[in-house]
Amino acid sequence: MRKALYIFGLLNDADMELLAALGRVRTVPAGAVLIAQGQQLDRLYVLLDGHMEVAVSGIGIVATLGSGEILGEMSFVDSSPTSATVQALDDVRLLDLPRSALEARFAADPGFGMRFFRAVAVFLAERMRNTTARLGYGKDEPTPAGMLEDELDDGLLDNVGIAGERFARLVRLLAER
C-alpha cells in the first residue's frame, strides 16, 4: 500500500470522491493478466482487494501487490508501453480509471490535475531513490542525519493516517454505488 500512501496522502477528500465517480469497479479472476508488458495502456488502476504479481521479461517476478496499490502509473505519465506484466494471484477487485475521464477532469479542474501529478511524481521519485540505493549507487554517501536507510520521508509520515483513511473512504464510496 506504499503507493497509496504517497498518492492518497497528497490528494484531498473531494479528489477521492471524484476518483470514485470517474472510475468503475472491475473484478479480475485469479490467474488473469490485467496488464501485459509492452502494451499501450489507456487507464490507471487502484487495487481495492486481492493480490497481484508484477513480472518483467528476462528478470521474473519483481513485486507482489496488495490493496491500495496503484497500477499503470508510469505509462499513465509518459504514455509509453507498459514495462511489466501484472497478473492476478487471486480474485481481485480494482477501480478502473480511464485516461480520457481523468484528462477531462484535469482540464476542468487544474488543481486536481496538479495534486494528482505531484503525488505520482513524489512516488516515482521515491521509487527511483530506493532503486538506486539498492543497486549501490551513492553507497559512499551517508544516510541523512536522523534517518534510517529505509525510513519514510517525514512529509509522507505526516500523511500516512490521512492516506489510509482516504483509501478506506474510496472503498466505502464504491461499495455504496
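Trainee: Which residues in α4 meet which ones in α5?
Mentor: L102, R105, F106, A107 and A108 in α4 meet P110, F112, G113, F116 and F117 in α5, where contact means heavy atoms within 4.5 Å. Keep in mind this is a predicted model, where local features need pLDDT of at least 70 and side-chain atom pairs count only at pLDDT 80 or more. Residues are numbered from 1 along each chain as its sequence is written.

Trainee: And how do the residues of that contact divide by class?
Mentor: The contact of α4 with α5 has 8 nonpolar, 1 polar and 1 charged. Ala, Val, Leu, Ile, Met, Phe, Trp, Tyr, Cys and Pro count as nonpolar, Asp, Glu, Lys and Arg as charged, and the others, Gly among them, as polar.

Trainee: OK, switching over: at what angle do α2 and α4 pack?
Mentor: About 140°, with the axes of α2 (residues 13-22) and α4 (residues 99-108) 10 Å apart. That makes α2 oblique to α4, since angles under 35 degrees count as roughly parallel, over 145 as roughly antiparallel, 65 to 115 as roughly perpendicular and the rest as oblique.

Trainee: Which residues make the contact there?
Mentor: L18, L19 and L22 from α2, with A101, L102 and R105 from α4.

Trainee: New topic: is E53 buried or exposed?
Mentor: E53 counts as buried, at 18% relative accessibility (buried is under 20% relative accessible area, exposed over 50%, partly exposed in between, with a 1.4 Å probe and protein chains only).

Trainee: Where is the place of E53, and what does E53 touch?
Mentor: E53 is in strand β4 (residues 52-56). Leaving out residues up to four places away in sequence, E53 touches I61, A63, T64, T85, V86, Q87 and L89.

Methods
Side-chain values use heavy atoms; hydrogens and water are left out. Axes are lines fitted to C-alpha atoms, for helices over the stretch in contact, and angles run from 0 to 180 degrees between N-to-C directions. Helices (H or I, at least four residues) and strands (E, at least two) are DSSP runs, numbered from the N terminus.
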